[in-house]
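Trainee: I would like to learn how to read a few features of a protein model. Can we go through them one at a time?

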Amino acid sequence: MDSLYLAWRYLSFYKARSLVLICCITIIAALPLVLETLVDESERQLSSRAQSSPLLIGAKGSSLDLVMNSLYFSDEQPEPITMAAIDQVWDSGLAAPIPLHIRYKARTYPVVGTTLDYFDFRQLEILQGQMFALIGQCVLGAEAARTLNLGPGDTITSSPEAMFDIAGVYPLKMTIAGVLSESNSADDRAVFVDIQTAWIIGGLGHGHTDVTRTQDESVILKKDAANVTANAKLMQYQEITEDNIDSFHLHGDPADFPLTAVLAVPVDDKSATILQGRYLDTDNPYQIVRPAEVIDALLATIFKIRTVLDGIIVLVGFATLLSLVLVFSLSLRLREKEIDTIFKLGASRATVTCLLGAEISIIIVVSGPICSAIMLLAGHFDQEIVRRLLI
């Protein structure tokens, strides 16, 4: 007890050195455990989302970019496909297609253009308000609604792809129809809209005043008996309301409108295999992938990286321990007079060793609860940390 008391008083006097030692030991102990927790949670989230998504159809290219964009709404942008891919799946009779258009953002949150079938497939339920029913309406994920402090009846505006959009695509002000329940997935941080709303955000459709009835002749570029052509002065509506919704229209052939991917839900395993076989043709511009297989390959790579990181952490920890030994050795050299005084007072070498051991024990005991607290926090917030930083 005397040794513990003296050790405590010594460490209390040299607060800065003691805090440095405590931090070093805490980091050595907590870092590998926290890393292991986050990696395990990343694997769980990636695997569960991928396993619940049978097949993805997209443009030929990186299958990883296709999966990460379609399932986790990442910033990777696969090459666009067209609505013709939907018709191919319907015509096959082997699966039900769910279109996905994930390209734009609204206040840093991805805007996911899809259909109501997506919500049934993902088993997403409305917590507040209702599902979008008209173009220009959207539904927020739980995390997006909570962070932005928005709810049914509020509005959110899409963000332009670039600071200066020379294409003249105006941001669309969308009305929030509802908020989804918490799903602990990427859906919690998304802004869901109807697929036609996503096309309007991209400039494929717009609404404006009826040029055949306008009184402002300055917006008319050319006018004849059959057509009226407006110039760039004709302002487009930036919000879809009950008064102007009828004026919104899309330009072009619907079969050519873009998608980023098609989520195909096969009838059974046999249908899934047959459908995959139909995309093996090298002349087919589309590819079909099983997200679970793509994520398994990614996790295998992550496992190799984790092994390297574990080795690095071990080496860093060993170097830190050597540094601690050096600190204590130098401390003993600086404390020679102090130790000599203890000997002159009648203390034995065992007493001095016990005193130094008590100092080390106190540092380890103090760092223990701190390390445990860090682990508890990592275990409590691991899902949110992984969703925000890693996925």
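Trainee: Which residues of helix 3 are buried?

Mentor: Buried means under 20% relative accessible area, exposed over 50%, and partly exposed in between, with a 1.4 Å probe and protein chains only. Helices (H or I, at least four residues) and strands (E, at least two) are DSSP runs, numbered from the N terminus. In helix 3 the buried residues are Leu66, Val67, Met68, Asn69, Ser70, Leu71 and Tyr72. That is 7 of its 10 residues, so the helix is mostly covered. This is a predicted model, in which local features need pLDDT of at least 70 and side-chain atom pairs pLDDT 80 or more, while totals for chains, interfaces and linings use all residues. Residues are numbered from 1 along each chain as its sequence is written, and side-chain values use heavy atoms, without hydrogens and water.

Trainee: What is Val67 in contact with, leaving aside its neighbours within four places in sequence?

Mentor: Contact means heavy atoms within 4.5 Å. With those neighbours left aside, Val67 is in contact with Leu56, Tyr72, Val289, Pro291, Val294 and Ile295.

Trainee: Which residue is the bridge partner of Leu56 in strand 16?

Mentor: Two strands pair if DSSP finds at least two bridges between them. Strand 1 (residues 55–59) and strand 16 pair in the antiparallel sense over 4 bridges, and Leu56 has Val289 as its bridge partner.

Trainee: Which residues lie on each side of strand 16?

Mentor: In a regular strand the side chains alternate between the two faces of the sheet. In strand 16 (residues 286–289), Tyr286 and Ile288 are on one side and Gln287 and Val289 on the other. All of these are buried, and both faces are covered.

Trainee: What is phi near for Arg107?

Mentor: Most residues other than glycine have a negative phi, and most peptide bonds are trans. Arg107 has a positive phi, near 55°, and lies in the loop between strand 3 and strand 4 (109–114). Thr108 lies in the loop between strand 3 and strand 4, and its phi is near 75°. Arg107 is partly exposed at 41%, whereas Thr108 is exposed at 63%.

Trainee: How many salt bridges does a search of the whole structure find?

Mentor: Side chains of opposite charge can pair when their charged atoms come close. A salt bridge is a side-chain nitrogen of Lys or Arg within 4 Å of a carboxyl oxygen of Asp or Glu. The search finds 4. One of them joins Glu41 and Arg44 at 2.7 Å, N to O. Both residues lie in helix 2, 3 residues apart, about one turn of the helix. Glu41 is buried at 6% relative accessibility, and Arg44 is partly exposed at 39%.

Trainee: Where do Lys105 and Asp75 lie?

Mentor: Lys105 and Asp75 form a salt bridge, with the closest N and O atoms 3.0 Å apart. This pair links distant parts of the chain, with Lys105 in strand 3 and Asp75 in the loop between helix 3 and strand 2 (81–82), 30 residues apart.
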